[in-house]
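I opened a new page for this structure. I want to note what I looked up, entry by entry.

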Amino acid sequence: AGRRLRADLAARSLQPVALGPDERARFRADGFLVVRGVVPTAIVDTLFEHRPRPAIPWWFGPLDWAVSHWTASKISVDAIWAESDLFRAFWFAGPVPAVVSQLMSDGPVRLLTDIVYGIPRGRRPRFLGAWHKDSTSFDVVDRATAQGLSAWIPLVDIDAVESGGSILLGNKSVVSAECQSAPSDACPAACDALLDGVASVYSFKRGDVLFFTDSTWHRSQELRTNSALADRFSLVGRFVQGDARFARSRVGIDRQRKNKCQHDLIEGDLIHSACFPQVFPTSKDATARLDLGSDGSRIFTNAWAALFGG
């Protein structure tokens with residue numbers, strides 16, 4: 001599947017999406033940018049068809065069901081690209097990292113991780129449906145020297161007005177300074193109400209991509225009961241600049257970070273590791289051999305992430 005996707009991308013001779021100065025300025029001011037038609041629809045459909053397995057292994061199915069039911073969300077294994085040739089081909093040969101680079105001052109881009117999120121029809125997700133920022137998803141890099149950026153790629157068409165299932169966004173240009181500086185995972189009630197009042201929300205066609213910073217407030221919009229979809233799935237890639245430096249993380253996951261790829265980085269090192277591959281410009285990381293951990297070694301960190309939003 002990965003070889004076919006690379007061939008498909010090459011055959012299409014995709015023209016890079018070039019952002020204008022107004023779009024870049026809007027991203028800096030608002031904290032997010034919707035770019036239409038970045039990915040060919042057929043490729044999005046292929047990613048949807050081959051979306052990855054759940055975060056918790058199949059042989060621990062009852063826990064997976066319990067977590068999914070309690071959180072009203074479905075979370076895939078993290079760092080999909082490390083075990084899927086298809087998703088690896090998408091990030092290394094696809095059009096998204098080039099847009100990320102333009103939003104990060106045109107420098108090299110590294111992929112921290114990727115993950116697929118699903119939300120079910122008729123229930124507000126417990127954690128994904130609460131206002132939050134993605135700062136903690138980037139806590140393996142030194143935040144003083146690196147900006148985190150997420151690319152949110154819906155794998156289905158989303159009509160935010162009629163059936164929901166989109167993303168609500170807190171525009172940084174209208175959110176108060178007090179609320180903008182609140183902790184990533186502890187949005188005060190007053191800020192919660194403010195964000196609900198000023199939230200921006202968009203409909204998406206397959207191929208559209210939402211880019212947002214690690215300091216942008218956002219939450220999942222409930223997928224309403226009138227939706228034809230039983231679940232809404234989206235692929236998220238998390239990126240940092242190529243010269244980001246490694247930092248110690250929480251829960252002893254400075255080596256793993258919900259990530260099956262083992263590395264030997266220590267605090268302060270440039271994250272020049274195949275575990276955090278350079279996806280733009282394309283590098284030798286595309287074919288590097290990876291030291292992958294076992295499923296058993298990841299149960300705790302994946303379960304922790306699903307239960308507590310880590």
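Before looking at strand partners, I wrote down the rule that two strands pair if DSSP finds at least two bridges between them. I also noted that the model is predicted.

Entry on β9. I looked up the partners of this strand. β4 runs antiparallel to β9, and 6 bridges join them. Here Ser150 stands opposite Arg238 in β9. β3 is also antiparallel to β9, with 11 bridges between the two. On that side Thr113 is the residue opposite Arg238.

I then asked how many residues of β9 are buried. The count is 11 of the 11, so β9 is largely enclosed by the rest of the structure. For this I took buried as under 20% relative accessible area.

Entry on the largest nonpolar core. I found 40 residues in this core. Those touching the most other members are Phe90, Trp91, Val96, Phe211, Leu235 and Phe239. I listed the elements that each supply at least two residues: β1 (32-35), α3 (41-49), α5 (85-93), α6 (96-103), β3 (109-120), β4 (149-154), β7 (209-213) and β9 (231-241). The largest share, 6 residues, comes from α5.

Entry on Phe90. Which residues does Phe90 touch, not counting residues up to four places away in sequence? I read off Leu5, Val39, Ile43, Leu47, Val96, Ile153 and Leu235.

Entry on the second core. I found that a separate core has 16 residues, among them Phe32, Ile115, Ile167 and Val236.

How values were computed. Residues are numbered from 1 along each chain as its sequence is written. This is a predicted model: local features need pLDDT of at least 70, side-chain atom pairs count only at pLDDT 80 or more; totals for chains, interfaces and linings use all residues. Side-chain values use heavy atoms; hydrogens and water are left out. A nonpolar core is a set of buried Ala, Val, Leu, Ile, Met, Phe, Trp, Tyr and Cys residues joined through side-chain atoms within 4.5 Å. Buried means under 20% relative accessible area, exposed over 50%, partly exposed in between (1.4 Å probe, protein chains only). Helices (H or I, at least four residues) and strands (E, at least two) are DSSP runs, numbered from the N terminus. Contact means heavy atoms within 4.5 Å.
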